[in-house]
Amino acid sequence: MIKETFSPSIRSDVAPFIAMDVLAEAAKLEASGRKIVHMEVGQPSAPAPKSARAAAQEALIHGRLGYTEALGIKPLREALSAHYLKTYGAEVPAERIMVTTGSSAGFNLAFLAAFDPGDRVVLTAPGYPAYRNILKALGLVPVEVEVGADTRWSLTPEHLVQVQKDGPIKGVLVASPANPTGTMMTAEALEELIRYCEDENIWFISDEIYHGLDYGGEQITALNTSRNALIINSFSKYYCMTGWRIGWMVLPEQLVRPTERIAQSLYISPPELSQIAAIAALNSVQELEAVKAGYAANRELLLEGLPRIGLDRLLPVDGAFYIYADISRFSADSLDFAKRMLHEAGVAATPGVDFDPVHGHEFLRFSFAGAHDDMKEALDRLSDFLR
Ligand SMILES: Cc1ncc(COP(=O)(O)O)c(C=O)c1O
């Protein structure tokens with residue numbers, strides 16, 4: 001007999017990730033023979049770079065593949081250190097770099113190392129829903145700040161001043177380029193925000209997972225502004241390695257050992273196979289730039305094509321591979337609209353309520369990480385659907 005007293009914890013009551021629910025529904029339709037254009041999930045359709053797959057193959061045949069140091073293998077940490085020098089001119093010792101099981105594990109570790117239960121951490125809305133869910137599951141308090149066109153969809157020190165009126169803030173988490181908006185902060189705006197956090201003793205966490213995927217803006221890392229910033233990054237997006245579950249963090253010196261201790265018990269180590277592949281991926285820039293050129297072509301196609309069929313209120317797509325579209329002239333219920341679009345047009349996209357509980361019912365997020373022909377097909381189908 002199931003007793004009611006054996007119930008799940010209160011903190012496990014986090015919202016589902018609707019993008020994954022849309023994916024599941026799309027898969028059902030595909031199983032019944034429908035062809036669906038997938039624009040709901042934020043993952044590259046390209047596989048990991050060839051050299052990464054070759055290195056993994058070699059390791060599978062000849063390697064032992066065991067636990068590694070909790071901080072990750074030295075050659076990968078050193079390769080990442082070299083990456084910072086080459087990409088940003090930033091000197092980052094390998095000792096401050098920690099390899100993680102995707103950036104998702106990085107968030108768990110960073111939050112545990114920097115915050116105590118009940119601490120308030122500021123996020124943007126719209127924003128990536130897992131931030132909020134992980135914080136809640138860890139007994140922390142997400143404080144979502146609605147951002148809009150007036151601040152180009154990013155957080156400012158003025159927002160933080162307002163939030164501080166309701167109580168102290170322990171952390172601020174920002175992504176640039178951001179998910180779902182695709183917007184990037186200017187170097188000045190990012191620096192100003194980081195400096196404010198530094199002055200106010202607020203941990204600044206910079207999710208740089210979409211770095212490398214920018215279409216003209218200046219890409220800067222929070223590392224260049226503060227040694228106290230926590231940097232979260234991943235091989236999932238630019239490097240096309242979502243399924244390999246491999247990412248990294250750059251930590252302030254004082255957090256390295258505490259984070260290592262937590263990681264030893266939570267994960268033991270990141271997967272060795274993926275760490276070996278990741279070293280090779282860092283040297284596959286040519287192949288990855290070709291993938292990025294494909295996103296750029298998709299972006300252009302959609303930025304030109306969506307307004308023609310009535311979706312003309314789009315956020316600036318500075319980076320990542322998302323278009324966040326205002327659908328309010330068609331519907332005030334993005335969940336229902338996305339469902340109808342999936343069933344009637346066979347195009348899967350994610351309702352904005354996943355990212356923003358307040359205004360998300362008027363938005364849809366389209367991922368353009370798929371094949372160019374699929375994007376064309378999506379435009380044709382949406383043109384009929386919206387007519
Ligand atoms: C903004 C952002 N951060 C982090 C992640 C998690 O990525 P992973 O755990 O694969 O590194 C995602 C995934 O979509 C994301 O969009």
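1. Let's start with strand 2 (97-100) and strand 8 (residues 247-250), which pair in the antiparallel sense over four bridges. Two strands count as paired if DSSP finds at least two bridges between them. Val99 has Trp248 in strand 8 as its bridge partner. Strands here are DSSP runs of E with at least two residues, helices are runs of H or I with at least four, and both are numbered from the N terminus.

2. A word on the model itself. It is predicted: local features need pLDDT of at least 70, side-chain atom pairs count only at pLDDT 80 or more, and totals for chains, interfaces and linings use all residues. Residues are numbered from 1 along each chain as its sequence is written.

3. Now look at the open sheet of seven strands, whose order is 2-8-7-6-5-3-4 with mixed pairing. Strand 2 and strand 4 (141-146) are the edge strands, each pairing on one side only. From one strand to the next, the twist averages 25 degrees. Angles run from 0 to 180 degrees between N-to-C directions, and axes are lines fitted to C-alpha atoms, for helices over the stretch in contact.

4. Next, find Ala105 in helix 4. Ala105 is buried because 22 other C-beta atoms lie within 10 Å; the cut-off for buried is 20 or more, while 12 or fewer means exposed and anything in between partly exposed, with C-beta atoms placed from the backbone. Leaving out residues up to four places away in sequence, Ala105 touches Thr100 and Tyr267. A contact requires C-beta atoms, placed from the backbone, within 7 Å. Met249 is 144 residues from Ala105 along the chain, yet their C-alpha atoms are separated by 9.9 Å.

5. Helix 4 (residues 102-114) also gives the most to the shell around the ligand, with three residues. Of the 13 residues around the ligand, Gly102, Ser103, Ser104, Ser234 and Ser236 come nearest. A residue is near a molecule if its C-beta atom, placed from the backbone, lies within 6 Å of it. The shell divides into three nonpolar, nine polar and one charged. Here Ala, Val, Leu, Ile, Met, Phe, Trp, Tyr, Cys and Pro count as nonpolar, Asp, Glu, Lys and Arg as charged, and the others, Gly among them, as polar.

6. Finally, visit strand 9 (residues 322-326): four of its five residues are buried, so the strand is largely enclosed by the rest of the structure. Five bridges join strand 9 to strand 12 (residues 363-367), and the two run antiparallel. Tyr322 stands opposite Ser367 in strand 12.

Definitions and conventions. Two residues are in contact if their C-beta atoms, placed from the backbone, lie within 7 Å.
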